[in-house]
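Visitor: Hi, I'm new to this one. Could you put it up and walk me through it?
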Amino acid sequence: MAWSNYINMTIARTSKRLKEFATRKANGAMSWDLIKQFLVDACLVNLLALLLSFTLLQFIHEPAKHYFNIHVGEISEMSRGTIFIFLGTMLAGIVITGLYPAVTSLSFRPYALFRLGSTSPSKRIIPAALTVLQFSSAITLILWAFVVFLELNFILNKNYGLDRENVVVVEAPLKKSKRFLEDITFLTENILKYSFIDKVTYSKLLVGDFIGPGKAVRRLGSDNSFGFDPNGINENYLDFYKLKLVAGRNFKANESPNSTIISLEASRRLGFITPADALGARLETNLDFGSTQWKQIEVVGVIEDYRTM
């Protein structure tokens, strides 16, 4: 839109220079002289605009990243395709803004150019078309920005079923000792001694982590299994993320590893009519995806569904 606006303004400004063109032609200027003048003018304007835009990008790079967390790409990060499109657009602007006044001035005799400024605007097809294109682009841009605003507002204000605000994540080491659970329990107990820390929990996976193929789960005695995303959590996890328990209970300290909490959607897929029907039910889960070895687990609670993205 800025590009069409520049071309439109340049062409509109041409009508104010018609007497200059007529004077030069009357004084013996050749066609090639006028073409060189217009092309050199267009090249200088576009080159200055290019240098100014690159300078502004360098100025706003760090402030945008520091204050707004917006990444403004470096010139060196531009792909070859982007460079070609950019240079092609710039070249098209030079050709249009350079050749249009040249063609206009060469199409008329000097005395006609003195009177051309008073011709009807309806005969100026290119400026009129560019004006329509400019307003159409502006309306399209406004509508697009409004749609993006609605989408972002929906995403930011949507209730995903869990609270991830003001959460600090500390990843555990990949290599764990035999006393890892004891160490992590000791760590969480000491972290809670700080007044500015409200809650602490730990889990095998972070919310939103890619789990992979997951695990197959089926009701005891059934041949129909369903794929679910598992996670290992402690008794503080539900309260930490404010996950709503709709039936049953939360995990207890030193809970049996054969106990499980499932989501509301999981209970439906497993065939339970109500969340309460799933409580105490015996399920089977394979030890690894595709494994033929199954382990029995018992449902102790059902939580409200939540989304991670």
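Predicted model: local features only at pLDDT ≥ 70, side-chain atom pairs only at ≥ 80, totals over all residues.

Visitor: Where does T260 sit?
Guide: T260 belongs to strand β4, which covers residues 259–263.

Visitor: Is T260 buried or exposed, and why?
Guide: T260 is buried, because its relative accessible area is 16% and the cut-off for buried is under 20%.

Visitor: OK, zooming out. How many helices and strands does the protein chain have?
Guide: There are 10 helices and six strands in the protein chain.

Visitor: And how much of the chain is buried?
Guide: The protein chain has 309 residues, and 25% of them count as buried.

Visitor: What about the largest nonpolar core, which residues have the most contacts inside it?
Guide: Those are I262, L270, F272, A278, L283, V299 and V302, in a core of 14 residues. Two elements, α9 (264–269) and β6 (294–303), each give two or more residues to this core. The largest share, three residues, comes from β6.

Visitor: What does A278 touch?
Guide: Not counting residues up to four places away in sequence, A278 touches I262, S267, F272, V299 and V302.

Visitor: Which residues are in the other core?
Guide: Apart from the largest one lies a core of 12 residues, including L162, L243, F251 and V300.

Visitor: Last one: what's the accessible surface of the chain?
Guide: About 21800 Å², with 62% of that belonging to carbon and sulfur atoms.

Technical notes. Residues numbered from 1 in each chain as written. Heavy atoms only, no water. Helix = DSSP H or I, 4+ residues; strand = E, 2+ residues; numbered from the N terminus. Buried < 20%, exposed > 50% of the residue type's maximum accessible area, 1.4 Å probe, protein only. Areas by Shrake-Rupley, 256 points an atom, 1.4 Å probe, with all protein chains shown as cover. Core = buried A, V, L, I, M, F, W, Y, C linked by side-chain atoms within 4.5 Å. Contact = heavy atoms within 4.5 Å.
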